[in-house]
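My notebook is open and I'm ready to look a few things up. Here is what I'm working from.

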Amino acid sequence: MRLPSFICAFGIATALGIMCQTANATPIASSSSPSTGDRRNTSAQADGADSTEEALAHDDDHRFVGMSGFRGQVITHPGMDPYSTGDFFSQITLGAAFLPLKWGHLKLGVLSQYDMGSVDADTRGIPASLSIHRIGAGPYAQISLGDRWRLSSRVIPAANYLDASFDDTSGKLSSQGWTWSLETSVGAALRLGSAGKSDDPKASFWLTADLGYTFAGTTEMSFSGDLEQDDPRDFGTVELPPLSPRGFSQRLAFAVSF
Amino acid sequence: MRLHNACFALTALVAIGSSGCERQPVWDQPIAGAQILGMDHGIAIVDPGAERALLLSPEDDLSLSQDSFAITTGFATAKVTPDGSRLLVLSHGTVPRERADDPEPTLQTFTAGGGARTSHSYRLSDPLSGLKVDPLSRFAVVHASGDAAFLQNPNELSIVDLTREQTDDNPVHLTLRSFGGTPQAFTFTEDLVLPGGKRRLLVVQTDRDIALVDLDAPDLPEITIPLSSDTNKMVPGGVAVSDGALERDDDARIAIRLQDDSSVIIINLEPVLESDKDDTPQSFRAVPNFVFTDGIPSDIAFVQTDGGLRLAALLGTRLTLVNPVTGIASAVDLGAQEFSQMTIVTDVVGQTSDGSDVAMLWSPGKSHIAFIAFGSTVGQPYKAIEKLKLDTAVSTVAPIGGDNPHLRILRSSTGGAVHVLDLLTRTAAPLHASSSGAGLTTSADGGRAWLHQGSSLAKLDLTTLHPQNFQLQRPISRVFDVTRPSGGDALITLHESGLIGATVLDAQQPALSTARHYAGLLLGELP
C-alpha cells in the first residue's frame, strides 16, 4: 500500500471513530441542553425520558427520507491521473429512502441515490475533464439514538457512467463508458429541527455524514473524435489507462424525513 | 463541539485525499520537442516529455497500431536508418550521473509493425549529441555536436554496428588522431576492393585533414591525411569515391574537394610497401595527389569515359575532366549557363555506346538542366551535351525510386510549379500548384507523389501524371507514404498541433470516405 493511500485510510478510520464516539456518547436528554432561561427546555428536562421517548416514537414513524449534499471520494486508481492533479473527486449527491420495516429503534428499507461530479486538469498542456454519473439503489438501515442522533448504513450497487474529454487543438477527443460500483458506508445523522407539532412532527431535518468504501469495476478509456451527428468521419481510438472509480468515500448531506 | 469534531475530521479527510496522492509526472509533461520520422512501415514520434518513442503502423482497416517504447532520459536526437527499418534514439542519460543506477548515455534502436517489436540498447562512453547513419543502414556514428560539457573531446567517436547486439567490441569508442581539426562531415563508402580484401571506410572530414576509419576493423588505428600546412589551410568541401576496376584491388580512390581552393586531392588507396609492412597494422596505405582544376569546383564525381576513369569537377560554365593517374586535365565548355550540381544518372539512362557515363547538371535558382554524355568525339572531350530550358527556376531535385527511377521531381524556387523530369525522354512535364511552398513526398515504390499545403492534399500518379485532389478538415503538416505490414500502402497525413492528429488514407485508392482520423496521438499508450 502506498503511503498516501495509507494516510487516506487512516484519516477515514480516525474520522469514523470520532463520529461513532460522538454518537454513542450523546445522552438523549443532554441533546436539549438548557439555554439561558428557556422555559420550554427547562420543561423538557423536567419531563425527562418520557417526553423524549414520545417525540422519538413519532419521529420514528417517518418512513420517507430525502437527502441532498456533497459526496467526496478518494480515487487513487492510476487511470484517474489524466483527468485530475489529485485523487479527490467531489460530487453532488441526491437520495431518497423508503423505510417500511421497523423493529424497535431499527428501521430498514431501500435507498436510491444519484451522484454526479466532474474534475478537470491541464494534461500535457491540454484541458482534460472527467464526469462520473452514478445511479443506484440498495438496502438502507437506520437506528435511532435518542431524539437527535441516528446511525445509518447503506450498501448501494450502482451503475456508473464515465464521460471524459480532451479539448485538443488537433481535435476534441471524448470517451464514454459504463462500469459497476458497490458503495458500502456507515454514517450518523444529527436532527437539526422539526416542522409541525413537537410531539408529532410532520417532517424532521437532519445533517448526515457518512464514511465508507466504494468498490468499482474497471472501464476502458478509448478516446476518439468528438463529432457532430452529421459528421461522416471515421475516427480511430487512442487508448488511455483504464479507470476504476473505487476508493474511500464520504458524504455530507442535508436530509428531511417525513 | 461534537459536530465540530465531525466537521474537522471530514475536512482533514478531504485535505488528505486532495493532496496526498499525486498523479504520475508524465501527465504534466509538455509535448514540446517531439520529433517525427517516417519509417518503412509507419511513423515514429519521439516524445521526450514522456521519455518514450511511439511507433504507429497502419493496419488493413487504416487504423493505427500503436507501440510505445521507453527511451533513456536526456533525449538528444533521433534518426531512422535509410532502409526505414529501425528508429535510432540517442540519449545523454542523467547528466551528471551521481548514482550508480542513473541512466547512462545510450543509443537505442526500435522496430515495430505487424505485431513484432524489438529494441536494442548500446551503452556509450559519453553524452554526445551528433548521430550519423550509414546509407546502407549497418553502422551509426555518434560524435560530438555542440555539446556543452565542461570538457569535451570533439575527435571522440563511437561506431555502432547496428546488425550486432552490444558486446565488448560493439560499439567501438575511438579518438581520431588530430592535427588540430575537429570532425565536420562523415562519408560512408560502399564496399571497396582494397589490398587485404573488401572493406568499407568511414571518411571523416575535419576542418584541416581527412581521416579514414576501417569500418570492418574500427579498432585499428585510423589513417589521417593532413591537408593544411602552417601557412595554407585547406578545408574539405566534399568527397567522391571510386572503387576502380572490379578485378583490381589497388585502384580505389577518394577525391576531396576543397573549400575556396582550386585543388582537388585524390587519395589513392594502394598496397602497403613491403618495407612498411612490419610498422603498420593496415593492409593499405593512402597516397594523396593534388590536382588543379583551374577554378573552385562546386561538385565533383568520378565518371567513366571511353578514355578510362576521370574525375569530373564542375566549375560553373565549365567541367574539368582530370585523369586521376596522370593528373592531366581537359575542359568541357558548358555554354553560357552556370551549373553547380552534378548527378551521375548512368544507372537510369544507360551507358553511351562506348561505355561512358551520363551526368545531369543543374543549379538551384536556375531554369536550365543539362545532360552530358562523357566520351569523346573529334576535337572535344565529350559525346554530347543536351540542354533543357524550364519556364521557372529549380530549387530542388527529388529522386524517385521503385518502378520509376528515370523520373525526377523538380521543385520551383518561386511559385507553385512542379516539373516531372523524365531522364529517358529528356522532357519535363509542368504541373501547377495553386500556391507556393507545398510539401512534397514520394512513395517508396515510385508510383506516386503527394503534395500538400494547408488542408489541401493532392496525389500525383507518376505514370499517368494524373493529379487527384482532396480537402481535409485539418491543416496538414507532413505526409508519409508507408507500406502496411500486412501489405498495401497507406498515407499518413499528420496534423501537428496540440497532441498531434493524423488522417490515414489508402495510398493506392485514396478516398476521404474510407479515411481513418485520429486526434491526441500523444495521449495514447501512456502508463
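First, a term I need: helices (H or I, at least four residues) and strands (E, at least two) are DSSP runs, numbered from the N terminus. With that, I placed B:Glu525 in the segment after strand 41 (516-518) of chain B.

Housekeeping: this is a predicted model, where local features need pLDDT of at least 70, side-chain atom pairs count only at pLDDT 80 or more, and totals for chains, interfaces and linings use all residues. Residues are numbered from 1 along each chain as its sequence is written, chains are lettered from A and ligands numbered from 1 in the order in which they are written, and side-chain values use heavy atoms, with hydrogens and water left out.

**Entry 1**

Most residues other than glycine have a negative phi, and most peptide bonds are trans. Buried or exposed, I wondered, or in between? Buried means under 20% relative accessible area, exposed over 50%, partly exposed in between (1.4 Å probe, protein chains only). B:Glu525 has 32%, so I put it down as partly exposed.

A:Arg124 also has a positive phi, near 50°. I found A:Arg124 in the loop between strand 3 (106-123) and strand 4 (126-145) of chain A. Its relative accessible area is 2%, so A:Arg124 is buried.

B:Pro171 sits in the loop between strand 11 (156-161) and strand 12 (172-175) of chain B.

**Entry 2: a buried arginine**

What does the side chain of A:Arg150 touch? A polar contact is a pair of N or O atoms within 3.5 Å; within protein, one must be able to donate a hydrogen and the other to accept it, and residues adjacent in sequence count only if both atoms are side-chain atoms. I noted one such contact to the side chain of A:Gln142 at 3.3 Å, and another to that of A:Ser144 at 3.4 Å. A:Arg150 belongs to strand 5 (residues 149-168) of chain A. At 3% relative accessible area, A:Arg150 is buried.
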